[in-house]
Structures are given as C-alpha cells and as structure tokens.
Amino acid sequence: MVSDLLVSVIFASCGLRDRPTFLVNALFPWGSYLVYFELPPWVKKFENISEDEGDHVDIKAFKRFLKGDADYRNERLYVMPVVTDAKMAVRMVVPTKNEFKSNAGMAPVSWSQDDEHIDSNTGETRHAVLELAVDCMSDKTIRTFVSFMRRYLVTMTLEASVLIDKPYNSKENEPSAFLSFFKWDKVDLAKCTVLPPKSEQENMLGGNVYIPKK
C-alpha cells in the first residue's frame, strides 16, 4: 500500500525520494512529527530483499524486518525512551532515567511502502521508501498522555533508541539490530515549522498533496 504522503509533491521536493528512506510519521493532537532515516542502497524492491550468506546478524534482522508484513514489523520494532530531564509533574508520570521497551504494536499504527521506480512525469528515479504512521489521536489514553506531555516539552529532555528484536515472550532465537538514536531536547513547538493553509486547489484534490506556489 502507498500512502498519500509517499507520493506527494512536497515529499519528493524535499529530497526524500532521492535515496531509500524509512519515514516515521507520528500524528499528535497538536501537530505531526516526522523522523526519517536513510536506508541502505540495496533497498529497491521490498519483496526482492534476500539474505546473503555473509550478512552480519544485524543486517539479517534488518532485511527480515523490511521484507516482513505489518504484524511481523509491529512485533519486532521497539523504541526505548528515557526521560533524562523534566519537571516534577513529568517525573511523577514517567520516572526519569529508567528505560522501558515499547513495540510498534502497542499503539495504532499502519505501514506503507513504495518500491523504487521511474517517475512517469519527470523521468527521475524515485527511490524506495517505507513509512510507519503512528496514530496518537484515536486512542483516548494515548491522546490524553501526549496532550499532557505537550505543555512540558519545552522544559524536558527525552532520549530514545530504536531497535529490532524478537517479540515479547518469544523463546525463538532471532537476530537483532540497533537502528538509531535520537534526542528531544527542550522542544519549543512555537518555533516549529507550520505548513501553509490548504489552497482551493488542494481542497479540490482532497488535500492529499502540497502544491508549491509559483
């Protein structure tokens, strides 16, 4: 399945189809948070990804993850966040300096992907992209929690590791991989990018694409 974001004009114009990309698109009551990671150049068509005899254990884990279906990915993609600095109100809800492990299946998520192909309009190569959309609005508990955290973002520091590991309670031996580390350090939402209002043309198209002004 290909989402509207992956084929939108703004996504390509920002250079995010110039190389293989893994995009995390988190939708909050107060905005969207996009994180993107560059994928290895061998990611072209997801169904054609195959393990090689000489692959390192983390490459094996990553290849299985990329080729797997939504259930496979949800059970094996983990985020390990740690709040390293925060006000007392946050520390009472989320103990600081204690890691906890949460997999993608614990929140409403959906996966989209688009294989590498030639754009029929421009003749340019559009490299493969994988998108994880995280819905932090439809579930009442999650929505309440992120709304509470919003007011404290400007005063808190959060660090998180992203990894692939075997499912909870699984006794099977599976390869694992560390993917990335990122940090939110006193984020001021008032200074974040604000997309322009939808134009009449965008509304007619259902708002699926951002059309730059000439």
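Me: How many aromatic pairs does a search of the whole structure find?

Reply: In this predicted model, a search of the whole structure finds nine aromatic pairs.

Me: Why is the pair of F22 and F37 called tilted?

Reply: The ring centres of F22 and F37 lie 6.0 Å apart, and the planes stand at 35°. Rings pair if their centres lie within 6.5 Å, and planes under 30 degrees apart count as stacked, over 60 as edge-to-face and the rest as tilted. The angle of 35° therefore makes this pair tilted.

Me: What makes this pair a link between distant parts of the chain?

Reply: F22 belongs to strand β1 and F37 to strand β2 (residues 31-38), and the two are 15 residues apart.

Me: Why is F22 called buried?

Reply: The relative accessibility of F22 is 4%.

Me: Why is the pair of F22 and F65 called edge-to-face?

Reply: The centres of these two rings are 6.4 Å apart, and the planes stand at 70°. Planes over 60 degrees apart count as edge-to-face, so the pair of F22 and F65 receives that name. This pair also links distant parts of the chain: F22 is in strand β1 and F65 in helix α2 (residues 57-67), 43 residues apart.

Me: How do you know whether F65 is buried or exposed?

Reply: The relative accessible area of F65 is 0%. Because buried means under 20%, F65 is buried.

Me: Which residues form one aromatic cluster with F22?

Reply: The cluster consists of F22, F37, F65 and W111.

Me: Where does the charged end of R76 sit?

Reply: The charged end of R76 sits over the ring of Y72, 3.7 Å from the centre of that ring.

Me: What makes strand β8 mostly covered?

Reply: Strand β8 comprises residues 129-135, and five of its seven residues are buried.

Me: How do you know that β1 and β8 pair?

Reply: Two strands pair if at least two bridges are found between them. Seven bridges join β1 (residues 21-28) to β8, so these strands pair, and they run parallel. Within this pairing, L23 stands opposite E131 in β8. Strand β5 (residues 109-114) is joined to β8 by six bridges, and these two strands run antiparallel. There, S110 has A133 of β8 as its bridge partner.

Me: Why are β4 and β10 called edge strands?

Reply: Four strands form an open sheet in the order β4-β3-β9-β10, with antiparallel pairing. The edge strands are β4 (102-103) and β10 (177-185), and each pairs on one side only. Between strands β3 (residues 77-85) and β9 (residues 157-164) there are eight bridges. The bridge partner of P81 in β9 is A160.

Me: Why is V93 called partly exposed?

Reply: The relative accessible area of V93 is 43%. Buried means under 20% and exposed over 50%, so V93, being in between, is partly exposed. V93 is found in helix α4. Together with M88, M92 and F145, V93 forms a nonpolar patch on the surface, with about 430 Å² of accessible area. Helix α4 (residues 88-93) contributes the largest share of this patch, three residues.

Methods: Residues are numbered from 1 along each chain as its sequence is written. This is a predicted model: local features need pLDDT of at least 70, side-chain atom pairs count only at pLDDT 80 or more; totals for chains, interfaces and linings use all residues. Side-chain values use heavy atoms; hydrogens and water are left out. Buried means under 20% relative accessible area, exposed over 50%, partly exposed in between (1.4 Å probe, protein chains only). Patches are made of residues with over 30% relative accessible area and no salt bridge: like charges are joined within 9 Å, nonpolar side chains (Val, Leu, Ile, Met, Phe, Trp, Tyr) within 5 Å. Accessible areas come from the Shrake-Rupley method with a 1.4 Å probe; for residues, only the protein chains shown count as cover. A salt bridge is a side-chain nitrogen of Lys or Arg within 4 Å of a carboxyl oxygen of Asp or Glu. A charge sits over a ring if NZ of Lys or CZ of Arg is within 6 Å of the ring centre and within 35 degrees of the ring normal.
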